[in-house]
Amino acid sequence: MSLQETLSNQVKQAVLASFDVEIESVEFQATRKEFAGDITVVVFPMLRYVKGNPVQIGDTIGNYLVENVDDVKAFNVVKGFLNIEISDSYYLNFFNSIKNDDSFGFVATKPDDKAIMVEYSSPNTNKPLHLGHIRNNLLGYSVSEILKASGKKVYKTQIINDRGIHICKSMLAWKRFGNGETPETTGLKGDKLVGNYYVKFDQEYKKEIKSLVISGTPEEEAKKNAPILLEAQEMLRKWEAGHEDTVALWQTMNGWVYDGFNETYKNLGVEFDTLYYESNTYLLGKEFVAEGLKSGVFQTEEDGSVWCDLTDEGLDKKIVQRADGTAVYMTQDIGTAIQRIKDFPDVGGMVYTVGNEQDYHFQVLFLILKKLGFDWAKNLYHLSYGMVDLPSGKMKSREGTVVDADDLVEEMASTAEEISKELGKLEGYTEEEKKALYKTIGLGALKYYILKVDPKKRILFDPKESIDFQGNAAPYIQMAYARIQSILRKASIEENDVTVELHAKEKELLKQLQLFPEVVQNAASQHSPALIANYTYDLVKVFSSFYQNVSILGADNEEEKMFRVQLSKVVANTIKNAFSVLGIQVPERM
């Protein structure tokens, strides 16, 4: 039980014993630095139940706590705020209970609990992964790890959007202009080669529109009737009909892309437990469209297209199948959700990591699944996140103005190398060790910069700003971890419990450590790695203040020295645990 939970029960008991009144809850806040105390009870909300002067009420509760709670050693009241001082023994007992717990802050999974499936990445097989995908992957992976750390069973998955008109566009462009080139003949990663043809399609499409407009066709009509677009639409129909040559080309080009994706995922340090492919799940979606037509969930329009009317839910009508019988994204997403529950009966909920431009889509998807009668649909969650921009502006895949994920990871390592050399901190490292460290620093900086921001907020990403050895950035935190490892290498650590009089800086550090389990739970419930990232930064700031004000290896006596070494070790372990759920490595030395 946390200090806050313990005190909450005791304060309620104090109010009942002193005023013969039961209160529902107790409001706490951190004690302001100018006052003595470790935690503050806000008295004002109690005035709804207890009539009187808030200072006198605070005094009465404070006296009760000092007399009846061993861990409360003193108090003071400032206006309507009861500042409580907690005994050193409480913090030392807490510390001794966690100091040898390598998984401090984490909760073991309960075997009988329902699992959560987290979807992330979910790319299209017509282009390489870019900066936007990086935020998606880092968020989804981190939320998966945080949910696991909070005690949940988790499956990581993605739906690979491997079919549809956008895939046919790159296939058609390669067929027209590729001259048989392959990743092997060009030396390009497969996803980049295919992405080049997606851009090529758009270039040719625009040329044809321009030509039609010059010859007198209205622009909107030209956009719909450009020959290359009509040919791509025909290719999609052939694919859905199982046309042998079309399917063979699709398999070949998708194979190139998957090889490229796997290399990028490895570089990013993310992985998946299971994969789903739109080319498989869209058929199940079409089956349930047919079921929904029978049950009245869906209706057929005059042109043969199938829709779901959600106007009674305050939304509009949503298409679930085109007039020509081909599937739309909604068809596939219905099929994928149902297939996942069939494959993993222990899944009780799903988290979809998808950008906020799809907010409406997921609102509709969840409603449709409920209307189709699936009880688990109430446990679906859209982890909606803001876009990532660069100082140069918004990225567009079809125009080829994206920041390639592989290039960015490489650039981050190069930037880390440049800054590290300027700081001159790598004496005695081999070239291989330096290269590994540059990647650890660069990739850590990228992940932290993205994850420290609330998922809902848009990000303006600046690679150089992210590699900061002084401020709220991964290298600063990694440096603190490496500094502690240096201390631990110089000191022998004994495992026995120690009893010391706590320095104010030690107490501050223990108070910060005590928050970690609650932060993990909050981050899980809010699907927010930002809570973990910013907690870790705060922990390191408190440790830095402790390090600067309290001598560790030069302590006055052996017992103090041992306690401070043990305390430093726990701080390092907590940093490592926190960074592990963010997908960030910590170096033993820097």
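Predicted model: local features only at pLDDT ≥ 70, side-chain atom pairs only at ≥ 80, totals over all residues.
A residue counts as buried when its relative accessible area is under 20%, as exposed when that value is over 50%, and as partly exposed in between. Phenylalanine 516, with a relative accessible area of 0%, is therefore buried.

An overview comes before the details. The protein contains 21 helices and 14 strands, and its C-alpha trace spans about 90 × 65 × 45 Å along the principal axes. Of the 590 residues, 55% are buried. The accessible surface comes to about 27,100 Å², and carbon and sulfur atoms account for 48% of that area. Contacts also reach across the sequence: among those between residues at least 6 apart, 74% join residues at least 24 apart.

Helix α17 covers residues 474-490, 17 residues in total. From its first C-alpha to its last it reaches 25 Å, close to the 24 Å expected at 1.5 Å a residue. Most of α17 is covered, with 13 of its 17 residues buried.

Aromatic rings provide the next part of the picture. A pair of such rings is described by how far apart the centres are and by the angle of the planes. The structure holds 26 aromatic pairs. In one of them, the ring centres of phenylalanine 104 and phenylalanine 516 are 6.0 Å apart and the planes meet at 45°, so this pair is tilted. The two partners come from distant parts of the chain, 412 residues apart: phenylalanine 104 is in the loop between α3 (88-98) and β5 (115-119), whereas phenylalanine 516 is in helix α19 (residues 516-526). Both phenylalanine 104 and phenylalanine 516 are buried.

Phenylalanine 516 also pairs with phenylalanine 106, again in a tilted arrangement, at 6.3 Å centre to centre with 45° between the planes. Because phenylalanine 106 lies in the loop between α3 and β5 and phenylalanine 516 in helix α19, the pair ties together parts that are 410 residues apart in sequence. Phenylalanine 106 has a relative accessibility of 26%, so it counts as partly exposed. Together with Phe94 and Tyr535, the residues Phe104, Phe106 and Phe516 form one aromatic cluster.

Aromatic rings also meet charged groups elsewhere in the model. The charged end of arginine 163 sits over the ring of tyrosine 282, 4.4 Å from the ring's centre. Likewise, arginine 589 lies over the face of tyrosine 429, at 4.1 Å from the ring centre.

Methods. Residues numbered from 1 in each chain as written. Heavy atoms only, no water. Helix = DSSP H or I, 4+ residues; strand = E, 2+ residues; numbered from the N terminus. Expected span 1.5 Å × (residues − 1). Buried < 20%, exposed > 50% of the residue type's maximum accessible area, 1.4 Å probe, protein only. Phe/Tyr/Trp six-rings, centres within 6.5 Å; stacked < 30°, edge-to-face > 60°. Lys NZ or Arg CZ within 6 Å of the ring centre and 35° of its normal. Contact = heavy atoms within 4.5 Å. Areas by Shrake-Rupley, 256 points an atom, 1.4 Å probe, with all protein chains shown as cover.
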